[in-house]
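Try each task before you read its solution.

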Amino acid sequence: MSAFAAIKDGKAHPEKYKGRPKLPAYKRKDGFSLLILTNQNCRLRDGYIQFPRVFGGFNAKPVFTKQENAVFPQVRFVPCGDSIMMEIIYELPDVPQKQDNGRYAAIDIGGDNLAAMALNVGQSPFLFRGTPLKPSIHITTKIWRKCAAFVSG
C-alpha cells in the first residue's frame with residue numbers, strides 16, 4: 001500500500017491505525033548511502049585489495065595482510081559529513097589466552113592528571129600530568145563537536 005493510499009484509508013478508518021500515516025523519509029538527492037562490498041566483489045591479491053572495475057582501478061594495501069590467518073569478509077564505505085571513510089573488516093583467529101601471572105594495573109584517565117596508574121607489585125603509584133595538553137585537548141574537542149553537529153544535521 002502506498003503512503004497516499006494509507007493516508008486516505010486512515011481518514012476513512014481511523015480505528016485501524018494508532019496514528020496518522022506519514023510519508024516515508026526519503027534521502028536527499030545529493031546524500032550518500034552506506035556501501036558494503038563483500039569478498040565476492042573485492043579480491044585480495046598480492047597483499048592488495050582489488051576493487052571492481054567501476055572503482056577505476058582503485059586498490060588498497062591493508063595492514064592485516066601481514067597477519068597469517070586473517071579472513072577478509074567485507075569493505076564498507078561510510079559517509080562522514082563531506083568525506084567518505086573506508087572500513088576494512090577482517091577476522092583474526094582466536095588468540096590463546098595467557099595464564100594469569102597475578103600482576104595487575106589500574107589506570108584512571110582524567111583531565112588535570114592525564115592518567116593515574118597503580119600496580120599491585122609493590123611499586124608506588126604514579127601520575128602523568130595532563131595540564132600541558134589541556135589547551136590542545138580543548139581545541140580538539142571543540143573541532144570534534146562541530147564535526148559531530150555537522151554530521152548529525
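Two strands count as paired if DSSP finds at least two bridges between them. Helices (H or I, at least four residues) and strands (E, at least two) are DSSP runs, numbered from the N terminus. This is a predicted model, in which local features need pLDDT of at least 70 and side-chain atom pairs count only at pLDDT 80 or more, while totals for chains, interfaces and linings use all residues. Residues are numbered from 1 along each chain as its sequence is written, and side-chain values use heavy atoms, leaving out hydrogens and water.

**Exercise 1. Pairing**

Work out how strand β8 pairs with β7 and with β9.

- Step one: β7 (residues 105-109) and β8 (residues 113-119) are antiparallel, with five bridges. Ala105 faces Leu119 of β8 across this pair, and the hairpin between β7 and β8 has three residues.
- Step two: β8 also runs antiparallel to β9 (residues 126-129), this time over four bridges. Here Met117 sits opposite Phe126 of β9.
- Step three: look at the turn. Six residues lie between β8 and β9 in their hairpin, and Gly122 there has a positive phi near 100°.
- A side note: side chains in a regular strand alternate between the two faces of the sheet.

**Exercise 2. Overall layout**

List the elements in order, then check the protein against the globule rule.

- Step one: count two helices and nine strands. Along the sequence they read α-β-β-β-β-β-β-β-β-β-α.
- Step two: for 153 residues, a compact globule would come out near 15 Å in radius of gyration, but this protein has 26 Å. That radius is taken over C-alpha atoms, and the rule is 2.2 Å times the number of residues to the power 0.38.
- Step three: take the box along the principal axes, and the C-alpha atoms fill roughly 80 × 45 × 35 Å.
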